[in-house]
Structures are given as structure tokens and as C-alpha cells.
Amino acid sequence: MGTYTGTGTHTDTQTPLRPHGRHRRHRVVVLALDGLLPFELGIPQRIFGRARDAEGRKLYELVTCSIRPPGPVETDADFSVLVENGPEALATADTVVVPAFYDRGPVHDEGVVTEELAAALAHIRPGTRLVSICTGGYVLAAAGYLDGRPATTHWSSAEHFQRLFPKVRVDADVLFIDDGDVLTSAGVAAGIDLCIHIVRRDHGTAVANEVARRTVVPPHRDGGQAQYIQRPVPEPQLATTTAARAWALSRLHEPIQLRDMAEQESMSVRTFTRRFREEAGVSPGQWLTQQRVERARHLLESTDLGIDQVAHDSGFGTAQSMRQHLQSALGVTPTAYRRTFRSDNLASNLVSGAGS
């Protein structure tokens, strides 16, 4: 089972997935259901479709299917989409993605799948990775895939989702949850965050960052859904903590105290902590840890620095400290992470240090 990090996400503690063979691309099958949101249907196509290796080869194969024979699928807009694959395509999937849909039927109202949907889902092979975007999680929950697991959905649906599926451990605060072979996201744009996270998990930070750049979105968003929930009585003239975050990012390798960050905004520690959590969805300490983990990942992937030096440059101080934080956040040691994501086998020639 996974562990929570300071990013407003829930990440798994398994070794990141690798491509299925040297020449075979990982197949992502997107299930289009009546009432689907066109924007969210396009998220997997955009994110996974832009992921390429160093030689420019596509890393994923994208297929869209319906629960019926090929034909039109209704959307929540004033047009339908023509889907050219039936439910049999689900049997070929390495990953199945269920985007959001607004068809208020048995799945949403009663928490049960229809016979037609159940027959379609029966094509999914054991071990297939399952992903939902926003209210697509209703399908996974109704089919029993989320029983006993942590999951999330759009914050406005979270309470209803929990009542309908009491066996699911719903967290309405995070942008997405990675529970290994089952991943769920919050609403709309959080699906982009989740898909980029999956690319990062499968192929490393460099590939995920390139996808993010081409999509013109941040490779990682701070905080969770809490920052997007409308408050009944918002505070007037709420100051931001943006300058403090920029200041901290420029000196992650140095010791950073909470009072130092508060001073950048001319706030008391108490006020700064409250404002920071309101804006980022996490505490300053959690945010700093997450940023240092990301810095360590980048250095492990893109440099030949020894483990001790990576620990210093990312602000963890010691290799042992970095090892503990990466183990908690990613489920792997620094050396194992580098071995997974370095294609030039430099890791075997490096001085690992005490925390490897």
C-alpha cells in the first residue's frame, strides 16, 4: 500500500513500471462512456501520445473503445464522438483509463454496473493497470476495483462517492492517488497531473518534463484539491506565499527554517503557515520535502554525481536521510531509482555512499 507525500497526491511504493519489451509499446485503452466529457477523453491522448524516448519513438499506443460495437458515443456537449473499437479492445490493454462521464444511471445513482458495462469490463485481463479521471472513478468503484483501497474523485462528488461506496477510503484533498495498479484522480485538470505522473513513473522525470513542456502545463502542481474548494467566507486581501516558495526553490541545498520562509513575506510564522496551507494545500515542511525529492530524482537521472553529493545538493544533508525520504515517497532506494531510469548504466560505476 502507498504512502502520502506532501504534494497533495498519494503515491505507490512499488518499483516504477518499465516498458513491456524492447520494441513493444505499452498499450493504453481509453473507455468512452455515454455522457463523457470531451476534454477529459482527450487527456490520455495528449499526454501519453506525446511521450517519446531519446530516439523520438512513441512510448505508448493509444486506443479508444466503447462498451458497444463501434459507433457514436454521446458526450455532454452538442456533439457525439465516433469510436471505432468495441469492448474487445479492453482485452489488449496494459493500462485502462476511464475518463469522466455525466450519464446519471445505475453506476452513479446506485453504485452498480449495468450488464452491458459489466460484460465490457470482463474483457480486462488480471494485472492490467486501471486509471480513472474525475467521476470515472465511479465505474472502478461500482465494479469493486476500489474496495479497501484509497481513492479520490472531484471534491464536489467526494461525499456522495463515499456514501455510495463505503468500502473505499476516499480522500477528497489530493489531486490524485497512486495505489500501484489502480490510480484515481480528482476533477478535470487533475487528470493531466495523474497522466504526467504515470509517464514519470514509467519512464522517468526527463520524459515526463518534456511531455509537460510540450503540453504547456507544469510537470508537477503543488498541493491538493483543498486550494480549489470555494470557502463560504473567504478572507479579504489574502496575501500570497509565492515569493517564499521561489526563495526556497533557489536554495534547496541549504537548511531552510520555517521562520526564514515567513520572513520573505513579512509574516509571523503562524500566519505564514496558515496562508501557505490555504494556497498550497500542504504544510511548508511537506512542500519542502516534496521539492527536495523532485530535485534528487532529477539529479539521479541526469547527472553522474555520487549519492552523497546528490543528497547534499537536494537539501537532505546525508545519504541516509535522502534514502529514507525516497523510500517513503517512491518505494525505492536512490541507487535502485537511478538504475531504473539511467539508460547509460552509469549507476554501476558510481560511488554509492552510505545511503545507497
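## Overall architecture

A contact here means heavy atoms within 4.5 Å of each other. In this predicted model, residues 24 or more positions apart account for 66% of the protein's contacts with a separation of 6 or more. The protein contains 14 helices and twelve strands.

Of its 356 residues, 51% count as buried. The protein exposes about 16300 Å², and carbon and sulfur atoms supply 51% of that area.

The structure holds 16 salt bridges. One of them joins the side chains of Arg201 and Asp178, with an N to O distance of 2.8 Å. This pair links distant parts of the chain: Arg201 belongs to helix 6 (residues 190–203) and Asp178 to strand 11 (residues 176–178), 23 residues apart. Arg201 has a relative accessible area of 6%, and Asp178 has a relative accessibility of 0%. Because buried means under 20% relative accessible area, Arg201 counts as buried, and Asp178 is likewise classed as buried.

A salt bridge also forms between the side chains of Arg245 and Glu279, at 3.1 Å from N to O. Here too the pair links distant parts of the chain, with Arg245 in helix 8 (residues 242–249) and Glu279 in helix 10 (residues 269–280), 34 residues apart. Arg245 and Glu279 are both buried.

The side chains of Arg274 and Glu278 meet in a salt bridge with an N to O distance of 3.8 Å. Arg274 and Glu278 are separated by about one helical turn because they lie four residues apart in helix 10. Arg274 is partly exposed, at 37% relative accessible area, and Glu278 is also partly exposed, at 30% relative accessibility.

Side chains of opposite charge can pair when their charged atoms come close. Besides the pairs described above, a network of salt bridges links Asp53, Glu55 and Arg57.

## A positive surface patch

Arg25, Arg46, Arg50, Arg52 and Lys58 form a positive surface patch. Among these residues, Arg50 lies in the loop between helix 1 (38–49) and strand 4 (60–65).

Key:
Residues are numbered from 1 along each chain as its sequence is written. This is a predicted model: local features need pLDDT of at least 70, side-chain atom pairs count only at pLDDT 80 or more; totals for chains, interfaces and linings use all residues. Side-chain values use heavy atoms; hydrogens and water are left out. Patches are made of residues with over 30% relative accessible area and no salt bridge: like charges are joined within 9 Å, nonpolar side chains (Val, Leu, Ile, Met, Phe, Trp, Tyr) within 5 Å. Accessible areas come from the Shrake-Rupley method with a 1.4 Å probe; for residues, only the protein chains shown count as cover. A salt bridge is a side-chain nitrogen of Lys or Arg within 4 Å of a carboxyl oxygen of Asp or Glu. Lys and Arg count as positive and Asp and Glu as negative; His and the chain ends are not counted. The place of a charge is taken as NZ of Lys, CZ of Arg, CG of Asp or CD of Glu. Helices (H or I, at least four residues) and strands (E, at least two) are DSSP runs, numbered from the N terminus. Buried means under 20% relative accessible area, exposed over 50%, partly exposed in between (1.4 Å probe, protein chains only).
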